[in-house]
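Good morning, colleagues, and thank you for making time on the agenda.

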Amino acid sequence: MEKLIVKGKTTLSGRVKISGSKNSAVALLPAAVMTSETACLENLPDITDVRTMIGILENLGMSIRRRGRDTLELTPGNLSKIAPCYELVKKMRASYYFMGSLLGRFGQAEVPIPGGCDLGPRPIDQHLKGFTALGAEINIEHGMIKLSAAKLTGARIYFDVVSIGATINLMLAASAAEGRTVLENVAKEPEIVDVANFLNAMGASIRGAGTDVIRIDGVKRFKGATHAVIPDRIEAGTYMMAAAATRGRVVVEDVIPKHLEAITAKIRETGAAVEVEPETITVDGTGPLKASDLKTFPYPGFPTDLQPPGMVLLTAAPGLSVITENVFDGRYNHVEELKRMGARIKVEGRTALVEGGVLLTGAPVTASDLRSGAALIIAALTADGESHVSAVEHIDRGYDHLEEKLTALGANIYRTADEDYSRQAGGAD
Ligand code: EPU
């Protein structure tokens, strides 16, 4: 186990390049099994979740060739396994995309019931309802979900909940079904559009991605394609929040500003200046900050993944801010850790009251999931003194070269072995 040691009271300044989107990449990689030809994915982020996904694909029999730092050539060839490796799959929730892609390609899939970051209950009933509507038979045995279909047939599916995972999974399976599928009340996140673009480049016929209704005409054959992953709007938003919270000035490069509108608006509401250019966003937090309320919603609303970093920004902004988490029940794991650093936050159900304008003090803290880890790093950058952020493996799942990028912005951050945490973790076994 490792931890990050962060010396506080840093004002971030400079330029940071944003990597490819994690949540796109972890769906695009399983989508590559839909073809038997070579697919090429460019701009993949160098993060653990992508490395785990590559391991799963190799174990399934995919041949993978690296081209340069961020490009992979994936050739499924005559890959025929329908059960991804349990040990790897249980490490990441997004491996549930193999349900849709393997079901589409082979009419069968066996995938463990997903775990993932602890954000409260995360059912997959909408995925299963969709597969059933396409004609798949589903059996859940010994922690495995077994799906099979002699034939997938297009259907009209109305999702009860707006779900990124269910929308992508059904786009995958329905692309290979016979006839037309209409998906209603779907997620509209840019990652959905990215996956639809990749599938369409492979020969699928998906229209309406990015709106509430997606129409898919199933096709029999998928071909090879080359696709560049969109920039990671959550990584970009994290650096934007960090710039404002540390009262710095940071140019965030290689972004699609349209994907960041809710974040840009929220940062402006807190008093920081945000300048938007075609591929860069500059956040200037050197002026006074002020309290602002924040509510998370599916895209184009403010993303739940940036609620923890947003909470740190509001901790730095004088006044009382109210946060309402509308997407996940239990996404306040970071609060107790922030309180250990001196934050004044009270959680009541889905609402958190943040008394801002407090100078945090460095402390030993533990990341409980990816985005709470990002929040703790930003808090540590603003705090007086040194913080030790444990369980950094959560952060490594989704932030490409975090220390290098922050160091280039003037942060004092380094990685070291976490003997205390390893001892505790070892003891728990
Ligand atoms: N939901 C259901 N039933 C379902 C599916 C979802 O009730 O069948 C509920 C969930 O419990 C949740 C809401 O619907 O309350 C939205 O969940 P969604 O399915 O959209 O989430 P997800 O696909 O499992 C993705 C991201 C998460 C991000 C959420 C919300 C990936 C791989 N993961 O998860 O990303 O928080 O959407 O935007 O795309 C992260 O990057 O740190 C992360 C956790």
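This is a predicted model: local features need pLDDT of at least 70, side-chain atom pairs count only at pLDDT 80 or more; totals for chains, interfaces and linings use all residues.

How many salt bridges are counted between domain 1 and domain 2? The count is three. Arg397 forms a salt bridge with Asp49, and the closest N and O atoms of this pair are 3.0 Å apart. As for composition, the side of domain 1 that touches domain 2 is made up of six nonpolar, six polar and 10 charged residues.

Domain 1 comprises 2-19 + 231-426, while domain 2 covers 22-228. The contact draws on 22 residues from domain 1 and 23 residues from domain 2. Their C-alpha centres lie 30 Å apart.

Turning to area, the two domains bury about 1,900 Å² between them, and 52% of it is on carbon and sulfur atoms. Which three residues supply more than any others of the area that domain 1 buries against domain 2? They are Tyr299, Phe328 and Arg397, which supply 33% of that area.

I close with the aromatic rings. The count comes to one aromatic pair. The ring centres of Tyr96 and Tyr97 are 5.0 Å apart and the planes stand at 80°, so the pair is edge-to-face, the cut-off for that class being over 60 degrees. Are these residues buried or exposed? Tyr96 is buried, with a relative accessible area of 9%, and Tyr97 is buried, at 4%.

Technical notes:
Residues are numbered from 1 along each chain as its sequence is written. Side-chain values use heavy atoms; hydrogens and water are left out. Rings of Phe, Tyr and Trp (its six-membered ring) pair if their centres lie within 6.5 Å; planes under 30 degrees apart count as stacked, over 60 as edge-to-face and the rest as tilted. Buried means under 20% relative accessible area, exposed over 50%, partly exposed in between (1.4 Å probe, protein chains only). Domain bounds come from an automatic or database domain assignment. Contact means heavy atoms within 4.5 Å. Buried area is the accessible area (1.4 Å probe) that two parts lose on being put together, summed over both. A salt bridge is a side-chain nitrogen of Lys or Arg within 4 Å of a carboxyl oxygen of Asp or Glu. Ala, Val, Leu, Ile, Met, Phe, Trp, Tyr, Cys and Pro count as nonpolar, Asp, Glu, Lys and Arg as charged, and the others, Gly among them, as polar.
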